[in-house]
Amino acid sequence: MKVNISAVGQGGMVEVLDGSTPVLIANVGGNFYAVGGVCPHMRCRLAKGTLSGGTVTCPCHGASFDVKTGKILSWVTSMSKDLVKVSQLFGWAKDLKTYKVQVEGDFLELS
Ligand code: FES
């Protein structure tokens with residue numbers, strides 16, 4: 001999939017579709033990263049959240065993820081620690097899929 005590089009300004013993020021699958025592309029310090037665009041908690045779109053440094057925070061219940069690795073940094077902020085552990089045990093608290101991003105001229109190539 002190719003995305004025009006101008007769509008993702010410095011410190012910004014944008015959602016694109018890979019077929020019907022939302023993908024989040026983030027520009028962190030001039031480097032581009034792409035991860036799954038849907039929060040694994042209740043499927044909110046991460047592009048509607050906030051990006052701070054390399055961390056995207058879900059707009060719905062505050063889970064946060066590292067856009068460089070897709071790893072969960074914090075799970076749903078309103079959950080008790082016990083429920084967070086249960087969510088992790090049952091695999092509900094999943095990391096985001098990551099995509100390889102290459103800059104080719106004015107475009108980002110995702111694979
Ligand atoms: S949907 Fe993302 S934290 Fe709930």
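Visitor: Which residues does Asn27 touch, once residues up to four places away in sequence are not counted?
Guide: In this predicted model, Asn27 touches Val8, Gly9, Gln10, Gly11, Gly12 and Phe32 when residues up to four places away in sequence are not counted. Asn27 itself has its place in strand β3.

Visitor: Why is Asn27 called buried?
Guide: A residue is buried if 20 or more other C-beta atoms lie within 10 Å of its own, and Asn27 has 20 C-beta neighbours inside 10 Å, so Asn27 counts as buried.

Visitor: How far apart are Asn27 and Glu104, in sequence and in space?
Guide: Asn27 and Glu104 are 77 residues apart in sequence, and from C-alpha to C-alpha they are 15 Å apart in space.

Visitor: What makes Ala26 buried?
Guide: The cut-off is again 20 or more other C-beta atoms within 10 Å, and because Ala26 has 24 other C-beta atoms within 10 Å, Ala26 is buried. Ala26 is also found in strand β3, and, leaving aside neighbours within four places in sequence, Ala26 is in contact with Met13, Tyr33, Leu51, Val56 and Val67. Between Ala26 and Glu15, which are 11 residues apart in sequence, the distance in space is 8.9 Å, C-alpha to C-alpha.

Visitor: Which residues touch the most other members of the largest nonpolar core?
Guide: That core has 25 residues, and Leu24, Ile25, Ala26 and Val35 are the ones that touch the most other members. At least two residues of this core are supplied by each of β2 (13–18), β3 (21–28) and β4 (31–36), and the largest share, 5 residues, comes from β3. As for Leu24, not counting residues up to four places away in sequence, Leu24 touches Met13, Glu15, Ala34, Val35, Gly37, Leu46, Ala47 and Val56.

Visitor: What is the strand order in the open sheet of 4 strands?
Guide: The order is β5-β6-β7-β8, with antiparallel pairing.

Visitor: Why do β5 and β8 stand at the edges?
Guide: β5 (50–52) and β8 (72–74) each have a single partner strand, so one side of each is left without a neighbour in the sheet. From one strand to the next, the twist averages 30 degrees.

Visitor: How do you know that β5 and β6 pair?
Guide: Two strands pair if DSSP finds at least two bridges between them, and β5 and strand β6 (residues 55–57) pair in the antiparallel sense over 3 bridges. Within this pairing, Thr50 stands opposite Thr57 in β6.

Methods:
Residues numbered from 1 in each chain as written. Predicted model: local features only at pLDDT ≥ 70, side-chain atom pairs only at ≥ 80, totals over all residues. Axes fitted to C-alpha atoms, helices over the stretch in contact; angles between N-to-C directions. Core = buried A, V, L, I, M, F, W, Y, C linked by C-beta atoms within 7 Å. Buried ≥ 20, exposed ≤ 12 C-beta atoms within 10 Å, placed from the backbone. Contact = placed C-beta atoms within 7 Å.
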